Amino acid sequence: MVQNSINTLVTSRCSVFCGSNDWSRRSSGPVKEAYVFIGGQRLCLCAYGGRVASFGGPCKISRRTGLRVHAGWLFKGNDKESELDASCEHSERANEDILMFFFELDLATRVQYALNLEQYEVAQQLRNKLTEVESEVIKLRESRRGSASKSEAQDMAISILRLRADLQNAIESESYSRAAELRDEITKLEAKSLAASVKAQAYENANYSFRLGQKVKHKVFGYRAVICGMDPMCCESKSWIDSANIDKLTRGPDQPFYQVLVDMQEDPNLLVAYVAEENLLAPDKQDTDRFDHPYASFLFYGMDGAGDFIPIKQLREKYSQPRHELPYDPLDDENGKDA
């Protein structure tokens with residue numbers, strides 16, 4: 001937050017002082033309009049006379065008379081004039097999901113290592129722990145995905161049949177107040193059942209534009225990323241959806257969302273983001289440039305000839321995704337290159 005209000009302004013000659021006495025820039029000349037953008041206590045951007053200057057300390061501008069002032073935030077975040085930046089799509093849920101996946105892989109590796117050393121008691125203890133973790137992960141995954149919605153819809157369908165039988169009995173016994181209550185309960189349950197069925201169907205018939213391991217670029221924020229997970233619709237909390245302005249997207253929350261690893265060279269703080277399909281773009285040409293992320297070596301074998309990452313078998317099984325094969329080009333053989 002900006003602690004002090006803008007009580008500045010410059011007239012026909014503009015003098016700007018930044019910081020105490022660390023350094024300053026002065027500029028003079030005719031000024032028609034002055035724009036002061038405040039990004040925080042330690043950063044200021046001033047545009048005047050068609051020129052732009054930025055300063056690294058608290059800004060203090062001497063006051064004169066007769067100027068119009070346009071004040072705003074330095075970082076708008078995107079071309080839609082939103083004040084959001086890339087951090088709005090950071091997802092603790094997605095990061096937790098990836099870390100739990102790491103934990104499963106690590107336990108499975110330890111079980112195999114103990115068996116190789118013929119440490120069967122240790123292997124059994126690890127296997128029991130792995131079973132517990134897998135059960136919890138499955139429950140957590142089903143609560144976010146269509147499996148739970150499908151079983152939930154089936155349970156509600158059975159409940160609706162029972163309530164209808166009770167409704168018929170109430171009508172035959174002329175208990176009309178009870179019948180009215182049962183009718184309202186059936187109506188509410190039918191609405192919930194329909195919503196659960198729609199969600200379950202969305203998971204079964206999901207159609208993704210991007211695949212695991214594919215390098216992408218964020219349409220709004222511009223950073224490079226790689227796909228490491230996918231949902232047919234947004235599985236985040238209502239508070240996250242509101243803070244990320246998901247409802248303002250063209251397709252809203254009812255579109256595929258992707259867990260993406262963000263290139264550390266471009267944004268070292270974001271790490272894992274949860275991004276709507278409409279906000280992602282495939283590169284126009286093969287992206288074989290270096291990509292840095294601490295999770296990449298655990299989730300992928302490496303890069304293929306097109307520069308995309310090759311997901312490990314367990315990751316493909318987690319999302320029921322087929323192995324991606326590069327199209328065969330006979331010219332690659334003639335040129336001595338791998339297809």
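Author: Serine 320 lies in the loop between α7 and α8, where helices (H or I, at least four residues) are DSSP runs numbered from the N terminus. This is a predicted model: local features need pLDDT of at least 70, side-chain atom pairs count only at pLDDT 80 or more, and totals for chains, interfaces and linings use all residues. Residues are numbered from 1 along each chain as its sequence is written, and side-chain values use heavy atoms, with hydrogens and water left out.

Reader: What is the phi of serine 320?

Author: Most residues other than glycine have a negative phi. Serine 320 is not a glycine, yet its phi is positive, at about 55°.

Reader: Is serine 320 buried or exposed?

Author: Buried means under 20% relative accessible area, exposed over 50%, and partly exposed in between (1.4 Å probe, protein chains only). Serine 320 has a relative accessible area of 63%, so it is exposed.

Reader: Which backbone oxygen does the side chain of glutamine 321 reach?

Author: Glutamine 321 is found in the loop between α7 (313-318) and α8 (330-334). At 3.1 Å, its side chain reaches the backbone oxygen of tyrosine 319.

Reader: Where is glutamate 118 found?

Author: Glutamate 118 is not a glycine but has a positive phi of about 60°. Its relative accessibility is 56%, so it counts as exposed. It is found in the loop between α1 (92-116) and α2 (120-144).

Reader: How many disulfides does a search of the whole structure find?

Author: A disulfide is a pair of cysteine sulfur atoms within 2.5 Å. Cysteine 88 is buried at 15% relative accessible area, and cysteine 228 is buried at 2%. The number of disulfides found in the whole structure is zero.

Terms used:
Helix = DSSP H or I, 4+ residues; strand = E, 2+ residues; numbered from the N terminus. Polar contact = N/O pair within 3.5 Å; in protein donor to acceptor, adjacent residues only side chain to side chain.
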